[in-house]
Amino acid sequence: MSSYYRIGIDTGGTFTDVVLADDQGRMLIGKALTTKEKISQGMLEAIGVAAEQLGASTADVLAKTQLLIYGSTRATNAILEEKTARTALIVTEGFPDVLVRREGGKENPWDFTQPFPEPYVPRRQTFELPERMTAEGEIFKPFDEAAALEIISRLRQENIEAVAVCLLWSMVNPAHEERFGALLEQHMPGVPYTLSSRLNPVIREYRRASAAAIDASLKPLMQEHLREMETDLQAAGFRGDLLPATSLGGVAAVGDVIERPILMVRSGPALGPVLGAAYAEAETGDQNVIVCDTGGTSFDVSLVRDGRPVRSRETWLGGRYSGHLTGLSAVDARSVGSGGGSIAWVDAGGLLQVGPESAGAMPGPACYGRGGDRATVTDAAVVLGYLDPDYFLGGRMALDVKAARQVVGGIADRLGCSLHEAAYGIMTIASEHMVEATKEITINEGVDPRDSLIIAGGGAGGLNLVLIARELGCKRLLFPRTAGVLCACGAQFSDIAREWSASRVMRSDRFDLAEAGEVLDHLRGEMAAFEQTFENWRVEGFRQEFIVEARYLGQVWEIEIPLQSDLKTQQDVEALIAQFHDAHEAIFAIRDANEVIEFMQWRARMTAQLKKPAMEAVLEGGAQEPAAAKRISTYFRETGEVEIPVYQGETLKPGMRIEGPALIAEPTTTIVLHAGSEARVTALGNHMVEIDV
Amino acid sequence: MARKEGVEPTTDSQLDPILVSVLANRFDAIVREMTNTLFRTGRSAILNTAKDFSCCIVTNDHNLLSAVDSLQIHVMGAGLQTPSIHEFHDDVCEGDAFLHNDPYLGNTHIADHTILVPVYVDGEHLFTSCAKAHQADCGNAQPTTYMPFAQDVYEEAGLVFPCVRIQKDYRDIDDIIRMCRSRIRVPDVWFGDYLATLGAARIGEKRLKELVARYGRETVVSFVREWLDYSERRMGHAISQLPAGELRASSCHDPLPGLPDGVPVNVTIRVKPEDEIIEVDLRDNVDCVPAGINLSEASSRTSAMIGVLNCVDSSVPRNGGSFRRINVLLRDNCVVGKPKFPASCSMATTNMTNRLINATQRAFSELGSEYGLAEGAASMGAGLGVISGKDARSNGDEYVNQILLSNNGGPASPVCDGWVTYGMPDCATTTLVDSIEICELKYPILVRSLHLLKDSGGAGKFRGAPAHEIVYGPRFDKMTVAYFAEMNQHPPLGAREGLPGAMSYVRKIEKDGSETDLPPIGVTELEPGEWIRGAESGGGGLGDPHERDRERVRRDLEEGWVTPEAAASVYGYRGE
């Protein structure tokens with residue numbers, strides 16, 4: 001029996017995924033239906049499924065579990081389903097419409113049928129406070145104490161449950177926000193609030209206001225949820241530490257997340273690059289990794305560049321322009337509406353389209369036999385023979401081949417082509433959306449996909465990733481053995497991560513070493529204080545990084561430059577300047593060598609490293625040839641109909657090679673190997689696919 | 001030709017239809033990457049915050065191929081601009097880039113600097129990669145990119161580049177750079193924006209070459225032909241579904257000095273579903289006027305097309321193929337036609353453009369209650385003005401830039417209310433809004449308020465979006481504001497019993513707090529302690545306000561979009 005365990009959990013809308021790691025580095029998968037009324041119930045069930053494979057009981061495993069990492073879509077869904085707290089927004093007098101305006105823009109300017117989106121906080125719950133700071137943080141109009149108290153009494157009358165405060169220029173001088181916060185504590189004790197200057201001290205009033213509003217609105221809900229979760233787990237015998245996953249691609253203490261619940265928004269996909277970095281390090285040493293996760297309704301792609309997850313401040317909830325921007329620096333995980341359940345259709349001009357509409361879990365693809373009557377990507381895969389109808393979800397669900405052929409046949413009739421051509425077309429178009437999303441996140445950020453490793457997973461991830469990799473010119477593709485539960489697996493490799501930032505504008509032409517030292521010392525102080533809180537934690541070590549967000553004079557969008565020195569000498573500054581020019585050229589193809597550089601935000605990131613599953617060879621090697629379980633008739637564009645072997649994943653041993661065309665059936669995903677690709681089982685038991693491009 | 005119920009699948013296709021979809025996506029993706037580059041690297045706020053620029057790809061026979069995410073007015077006429085490359089140069093080759101801002105040669109107006117990069121594959125000019133950006137300054141007689149009072153191009157006085165080579169062998173031709181630097185008011189900003197625009201066009205060039213290398217010249221060339229044909233079929237099909245009819249609408253631009261009655265615009269539209277053609281006739285309009293509001297040919301054509309396209313299924317691709325189904329009839333020496341030199345087209349992307357788009361889209365509402373749109377608001381008053389002066393915070397450096405803080409209300413449609421951050425008809429919903437903090441950081445101004453105005457959206461079964469009102473002023477030194485609050489006298493009209501949106505206004509707040517009206521068009525100077533207050537206009541409503549869903553009226557009241565008085569008197573709402 002293992003002496004300790006670590007559990008990674010990803011609670012999705014449909015399934016709760018669990019990865020249980022023991023002290024030998026073994027990782028076992030558990031899956032159960034998500035129980036929305038009481039999340040811990042589905043969680044414990046999934047843990048039970050994983051524990052059973054070790055011959056242990058849930059209580060046994062929980063008692064020996066040191067860390068339980070919890071990724072969840074709960075915060076994201078609460079926002080999208082508008083089930084958050086009744087929240088008020090306090091703004092500077094004269095500017096009540098900051099959340100209505102957003103930053104403008106619309107996805108399709110020719111579409112006049114889309115209604116203007118509602119603001120995150122209704123206008124009737126937005127209150128204007130007489131006060132004003134200037135751009136330099138001087139008081140232009142003093143804080144009006146009487147008016148503030150009047151607002152607070154209205155908040156009470158309106159039964160407001162949470163308060164967000166965002167005043168102009170509060171990131172330069174937070175005094176007025178702090179004063180309002182103090183009045184709230186005095187007059188509305190217990191009502192949670194968020195100050196924009198504490199949560200997200202960046203320029204651009206919409207981004208601060210949106211972050212503060214989202215954060216405040218989640219506080220009552222997430223506080224209750226996490227407290228209840230702790231209680232339930234303790235009741236089940238858990239004595240270790242519960243650590244929620246965050247959008248920074250790490251984990252945080254429950255107390256920290258309760259203070260800033262916005263960190264839990266899109267925390268699941270943020271685990272992608274964590275997993276990517278861990279597997280790349282263990283398998284190949286790649287520094288640039290693209291992580292692709294294909295589920296039923298969406299394809300999430302994220303990136304590790306130079307060994308670190310790529311972050312962005314552009315996370316939209318509910319669609320670019322018309323949704324809500326979180327505004328925080330977070331792992332950049334892009335999502336496109338293309339997955340196994342995406343619906344195929346033929347437009348008025350006779351062209352095939354796939355998605356973004358999805359059949360979801362109900363009715364699901366036609367082949368699920370639950371009344372779905374429109375062709376989906378999964379149906380196309382069934383028609384093409386890529387999914388073994390008798391071994392779907394490890395044989396737990398039979399697929400209706402006839403239904404799949406019927407709906408794809410409808411598409412073929414409209415296109416005037418054969419059944420197989422239509423199915424292959426659906427696969428190709430779905431892949432195309434994924435290729436574009438991947439290109440956008442790599443090429444736009446100056447990463448060449450041809451020199452990168454792709455790590456793929458998700459239930460539908462094996463169907464077309466070889467096609468996608470080939471289209472991107474990417475030669476190597478890794479499917480972890482736990483590919484079907486990518487995020488829960490990423491949770492196994494995450495550390496505690498926390499960031500601080502300071503706004504201090506400095507210029508390359510009059511760079512002040514003393515001032516830079518001051519900023520960095522301030523950030524070091526924050527980190528030291530945070531480190532003190534770890535006495536009782538099982539932390540193996542700490543890592544500190546500094547990042548500066550910089551731009552050419554006059555630009556307004558910064559790029560991130562990791563500091564490689566502590567900026568003590570003029571030479572260090574020269575090196576930083578050269579680093580900026582290079583990075584700007586790498587991303588945007590232009591360099592303005594004589595232009596002044598402005599350094600805007602200084603960030604410190606601290607990682608408290610946790611113990612992780614050992615990535616060691618756990619399977620016996622096998623010299624023998626892999627044995628196919630059966631042969632199956634499939635269709636590929638290049639070859640037409642062809643009979644190919646199917647291998648059961650659990651029968652494969654390290655060192656074995658499988659040449660495409662072939663299928664590898666794992667319990668939670670199927671990998672389609674096209675001709676010209678070859679899979680090798682690595683010493684760690686993962687599938688490394690090499691592709692001729 | 002008989003009216004068809006659907007569109008036949010491609011029969012003469014040599015290309016796999018799947019590949020057609022894939023390649024169409026690829027071209028769009030290239031344009032998106034160009035756009036992202038320009039947005040993130042531009043120096044002036046009008047580019048890097050308000051996004052007043054566009055990127056597109058044009059074929060070697062001057063068909064617009066992809067212009068996703070672009071401003072409507074900027075690019076739909078790009079095919080009129082690209083012929084200049086070979087017309088004026090017989091030694092075009094790889095590595096060239098051309099600067100083109102001449103409204104008499106297919107450009108929109110002088111302030112829109114366009115970089116054209118011919119993309120060569122195996123010695124053949126296959127595509128032109130285009131990036132067009134509105135400049136902070138273009139060397140006009142006054143510190144503004146809009147010159148309403150200019151009698152002709154000589155008074156307008158902006159620097160004109162009639163498709164001039166600005167790069168050879170991928171290197172700047174310094175003569176041209178020096179010309180710009182010596183005449184444009186903020187030379188460093190101009191140069192930074194030039195680099196950003198050029199960078200976008202070069203990224204487009206690089207990606208197009210990679211695309212052709214990946215798929216082969218033959219495939220790409222046949223794709224282009226088929227994609228344009230497909231788009232034409234889609235447009236033909238959409239038109240075939242419309243009722244036939246001849247539609248007329250008029251609009252009137254507000255008065256200008258010497259034009260006390262304003263400038264009327266007449267549009268006649270012939271919808272011919274059987275021929276799958278829409279014809280827009282603009283010939284029945286007045287001659288060019290001695291003011292900066294004449295339209296360039298590109299703007300005239302494009303405006304009529306925008307008005308039509310706003311009323312056609314939004315999923316039909318907008319490109320040279322679908323444009324073949326729209327005939328725009330123009331005449332020489334016409335204020336909305338082909339300008340007669342030296343008429344000034346300084347404001348050819350806004351004023352008459354907006355009037356023309358509005359009249360066209362409103363005309364379609366005559367076809368029935370499910371067609372057309374009301375009129376969109378289109379003021380460019382205080383909150384969208386061009387500010388200039390010196391910034392005491394950076395040693396008196398000069399600044400000049402159009403701010404896009406305020407906004408106009410969008411038109412109601414047959415199914416929903418107007419869009420709040422609409423911009424204007426010429427660039428509806430594509431430009432972004434400035435951040436107050438970014439503006440105050442970059443320019444020495446203080447904004448005192450910025451909010452939506454109650455009751456300013458035109459009432460209707462569907463309501464026009466409300467106008468914004470702004471108050472701002474200089475902090476340390478005097479500041480000049482050039483503005484043009486159009487729709488101060490002729491509001492954006494409603495359609496089918498919908499009411500017009502509220503009209504714009506501009507006021508000055510003196511040091512003692514008193515307010516006086518300013519003329520709706522002008523250039524005004526403010527001292528620190530003085531403020532300018534301005535409202536743009538509201539969008540027109542569509543349908544009878546009494547037919548508005550009562551739940552919508554109740555929500556409008558609760559959220560403060562309308563006052564209780566208006567709810568009762570205009571909507572007939574009695575609290576039910």
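I looked up the record: UniProt, in an unreviewed entry, places "domain: Hydantoinase/oxoprolinase N-terminal" at residues 6-187 of chain A. UniProt positions are in the numbering used here, feature names are shortened, and annotations may be inferred rather than shown by experiment. This is a predicted model: local features need pLDDT of at least 70, side-chain atom pairs count only at pLDDT 80 or more, and totals for chains, interfaces and linings use all residues. Residues are numbered from 1 along each chain as its sequence is written, while chains are lettered from A and ligands numbered from 1 in the order in which they are written.

I read off 31% helix and 26% strand over residues 6-187 of chain A. The end C-alpha atoms of that stretch are 43 Å apart. Helices (H or I, at least four residues) and strands (E, at least two) are DSSP runs, numbered from the N terminus.

**Sheet, chain B.** I traced an open sheet of four strands in chain B, in the order E13-E12-E16-E19. The pairing is antiparallel; two strands pair if DSSP finds at least two bridges between them. I noted E13 (397-402) and E19 (521-526) of chain B as the edge strands, each pairing on one side only. Neighbouring strands are turned by 10° against each other on average, direction ignored. I then followed E12 (residues 386-391) of chain B: six bridges join this strand to E13(B). One residue I checked was Gly389(B), whose bridge partner in E13(B) is Tyr399(B).

**Two helices, chain A.** I compared H13 (residues 419-443) and H14 (residues 465-472) of chain A. Their axes come within 10 Å and cross at roughly 50°. Axes are lines fitted to C-alpha atoms, for helices over the stretch in contact, and angles run from 0 to 180 degrees between N-to-C directions. H13(A) and H14(A) are therefore oblique to each other (under 35 degrees is roughly parallel, over 145 roughly antiparallel, 65 to 115 roughly perpendicular, the rest oblique). From H13(A), the contact uses Ser431(A), Met434(A), Val435(A) and Thr438(A). From H14(A) come Leu467(A), Ile468(A), Glu471(A) and Leu472(A). Residues are in contact if their C-beta atoms, placed from the backbone, lie within 7 Å.

**Where the chains meet.** I found 64 residues from chain B and 55 residues from chain A in the contact. On the side of chain B, H1(B) gives the largest share, 12 residues.

Definitions and conventions. Two residues are in contact if their C-beta atoms, placed from the backbone, lie within 7 Å.
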